[in-house]
Amino acid sequence: AGFLIAYILFFVGPLFLNSDLRMNYFNRYLPDRFPIGNDLIVIIELAKGWFTANESPFTIGFYPPFTYAFFAPLLLVDDYPTLFKFFTLFSIFSYYLLTFVLPVKMVDKKNIPLVLLFFITGLASYGLQFELERGQYNILTFLLCLWSIYIFHYHPKYRIFAYLFFSISVQLKLYPAIFIVMLIDDWKAWKNILLRFAGLAIFNILLLFIMGYQIFWDFLQMVSTQMSTPGWTWNGNHSINAFVFNLTKDGYEIIEPNTLEVLRQNSGLIETALFLIFCILFALTVLISYSRNRTGVDPYLLIACMIGALVIPISNDYTLSILIVPVALLLCNIPESKNIPQKLISIFMILGISLSYASVLIPFKYK
């Protein structure tokens, strides 16, 4: 129901039920660039400059140093169209593993149809289309992250691979670092947790020096510059920082001028308040997970980590392609209510979650 409401409001409405009485094709549905796969091209060129001429990739690049070493083997493919086709097919295969194969292994058989529903809605999502158009690799990154979580909880004998996959995912995008709290199997064994976290932290810090000290320093400077650049606050960036910037810039054209002026004067306070709200709710989620101390993947903690990964750093809309799995696992694990009031509350909450999820399948500009 939530999916159908968003589909009618944000897709059928603008496309067919408009005042022009004609089918209105979306103009620049994706902020596409020529040639296709812009981000992949940039990464390959920066990796080439580093590999062949020892040039720092952080003249314009801002991904962790490991990224450029990781993608350097793609330089062996001289024909870019062939490379992009291979990369796209690999991304789609990774999407299949991430949104269907792994979730099926984590849920009861009765919930497989629900996993399949989310798999299909994700295929038609704006986030996945944007991911493929840009030649991005968020799907691969989160696949490694979720795979590490799965191995950690369900195949403890092979946890060395879980730590390796998790570290690679962090080195590719940084934001998977928040999912480190998912690598806890016994919340009471705090000494083992601290040792595990310390080992992962040291290993990942060392990986940041994979290109040397100077490249590491260039990386830190570039990240600082990008975080403070207003150009990253377009409406295709769903971070807290971008939301507050656009809210105080024009009020999304729905807020009256007097109220907008008050918001502008308190923009820093609003941004800080939203960040603190997330931190408080995230801490409460961790405490609840600690008190339950259940085995296996905690879907509530997983979705909390995902929200943090999407709203805290610079987060363009192609990262929405990785939201599918946590939402699917969350809905698959909601317990059945035993009385009518609880059932009604559960229905409205599930409807709200579904509507919120479905709304991000469509670009912000059409909402």
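Buried means under 20% relative accessible area, exposed means over 50%, and partly exposed lies in between, with a 1.4 Å probe and protein chains only. At 5% relative accessibility, Ser289 therefore counts as buried. This is a predicted model: local features need pLDDT of at least 70, side-chain atom pairs count only at pLDDT 80 or more, and totals for chains, interfaces and linings use all residues. Residues are numbered from 1 along each chain as its sequence is written, and side-chain values use heavy atoms, with hydrogens and water left out.

**Ser289**

- Ser289 is found in helix 13 (residues 267-292). Helices (H or I, at least four residues) are DSSP runs, numbered from the N terminus.
- The Ser289 side chain makes a polar contact with the side chain of Asp298, at 3.0 Å. A polar contact is a pair of N or O atoms within 3.5 Å; within protein, one must be able to donate a hydrogen and the other to accept it, and residues adjacent in sequence count only if both atoms are side-chain atoms.
- Leaving aside neighbours within four places in sequence, Ser289 is in contact (heavy atoms within 4.5 Å) with Trp187, Asp298 and Leu301.

**Aromatic pairs**

- Rings of Phe, Tyr and Trp (its six-membered ring) pair if their centres lie within 6.5 Å; planes under 30 degrees apart count as stacked, over 60 as edge-to-face and the rest as tilted.
- By this rule the count comes to 32 aromatic pairs. Phe3 and Tyr7 have ring centres 6.1 Å apart and planes at 20°, so the pair is stacked.
- Both Phe3 and Tyr7 lie in helix 1 (residues 2-16), four residues apart, about one turn of the helix. Phe3 counts as partly exposed at 33% relative accessibility. Tyr7, at 38%, also counts as partly exposed.
- The rings of Phe142 and Phe179 have centres 5.3 Å apart and planes at 50°, so this pair is tilted. The pair links distant parts of the chain, 37 residues apart: Phe142 is in helix 7 (residues 138-154), and Phe179 is in the loop between helix 8 (159-173) and helix 9 (190-207). Both Phe142 and Phe179 are buried.

**Ring cluster and charges over rings**

- Phe62, Tyr63, Phe66, Phe70, Phe71, Phe87 and Tyr137 are linked into a cluster by ring pairs.
- Phe70 lies in helix 3 (residues 65-71). Phe70 is partly exposed, with a relative accessible area of 32%.
- Beyond its neighbours within four places in sequence, Phe70 is in contact with Leu140, Ile168 and Leu172. Phe70 and Ile168 are 98 residues apart along the chain, with their C-alpha atoms separated by 9.2 Å.
- A charge sits over a ring if NZ of Lys or CZ of Arg is within 6 Å of the ring centre and within 35 degrees of the ring normal. The charged end of Lys173 sits over the ring of Tyr137, 4.5 Å from its centre. Lys188 lies over the face of Tyr290, at 4.2 Å from the ring centre.

**Helix 4**

- Helix 4 (residues 80-106) has 27 residues and reaches 38 Å from its first C-alpha to its last, close to the 39 Å expected at 1.5 Å a residue. The expected span is 1.5 Å times one less than the number of residues.
- Buried residues of helix 4 include Phe84, Phe87 and Tyr95. The helix's buried residues pack against helices including helix 2 (38-53), helix 3 and helix 7.

**Helix 16**

- The buried residues of helix 16 (residues 340-359) pack against helix 1, helix 5 and helix 15.

Conventions:
Helix = DSSP H or I, 4+ residues; strand = E, 2+ residues; numbered from the N terminus.
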